[in-house]
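Open the structure in your viewer and keep the selection tool at hand. This tour goes from stop to stop, telling you what to select next and what you will find there.

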Amino acid sequence: RAPAPGAASAPALPGPPRGADAGSARLDRFTGEGWIAAGDAAVSYHPLSSQGILTALHTGARAGQALHAHLGGDAAGLDAYAWQLEEIHRAYVRGRAEFYAYEGRWPDRPFWARRHAWVLQAAA
């Protein structure tokens with residue numbers, strides 16, 4: 001069936017739909033010579049946690065403050081920023097483990113077995 005006159009046609013997909021990992025991730029360090037990471041470039045969280053936008057805004061503001069302090073001669077400014085991100089990530093991992101621990105109906109299923117392993121790691 002032809003589109004109505006003046007209606008835009010849907011763009012063609014470049015290929016079949018595919019999945020992508022949307023899990024949590026983090027850099028092993030948050031600053032380096034000539035760079036500082038913020039938002040999803042520094043830490044990213046599972047979309048269901050609803051922490052992405054808040055973390056992006058918070059880390060963006062804190063990265064700017066850390067950089068300002070660093071450029072003003074405060075040698076500890078970048079280290080303090082990295083420590084804050086470490087703390088934020090640790091709190092997220094603890095919270096994620098707490099939520100995954102609630103589910104106990106399928107401990108032998110691979111999906112839940114992996115997540116329950118995270119619970120044990122977070123407790124260590």
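Start by selecting Phe111, which is partly exposed, with a relative accessible area of 38%; here buried means under 20%, exposed over 50% and partly exposed in between, with a 1.4 Å probe and protein chains only. A word on the model before you move on: it is predicted, so local features need pLDDT of at least 70 and side-chain atom pairs count only at pLDDT 80 or more, while totals for chains, interfaces and linings use all residues. Residues are numbered from 1 along each chain as its sequence is written, and side-chain values use heavy atoms, with hydrogens and water left out.

The charged end of Arg115 sits over the ring of Phe111, 3.5 Å from its centre (the rule asks for NZ of Lys or CZ of Arg within 6 Å of the ring centre and within 35 degrees of the ring normal).

Next, select Trp112, which is buried at a relative accessible area of 18%. The rings of Phe111 and Trp112 are edge-to-face, with centres 5.0 Å apart and planes at 80°. Rings of Phe, Tyr and Trp (its six-membered ring) pair if their centres lie within 6.5 Å; planes under 30 degrees apart are stacked, over 60 edge-to-face and the rest tilted.

By this rule there are 4 aromatic pairs. Another of them joins Tyr100 and Trp112, also edge-to-face: 6.0 Å centre to centre, with 75° between the planes. This pair links distant parts of the chain, 12 residues apart, with Tyr100 in helix α2 (residues 77-102) and Trp112 in helix α3 (residues 110-123). Helices (H or I, at least four residues) and strands (E, at least two) are DSSP runs, numbered from the N terminus. Tyr100 counts as buried, at 16% relative accessibility. Show Tyr100, Phe111 and Trp112 together and you have one aromatic cluster.

Stay with Tyr100 for the next stop. Which residues line the largest pocket? Select His46, Leu48, Ser49, Gln51, Ala91, Tyr92, Gly95, Arg96, Phe99 and Tyr100. A pocket is an open set of points on a 1 Å grid over the protein atoms alone, where a 1.4 Å probe fits, with protein on both sides within 12 Å along at least five of seven lines; lining residues have an atom within 4 Å of a point.

For the last stop, select the lining of the second largest pocket: Thr31, Gly32, Glu33, Gly34, Trp35, Ile36, Leu67, His70 and Leu78. Colour β2 (31-32), β3 (35-36) and α1 (52-71) too, as each supplies at least two residues of this lining.
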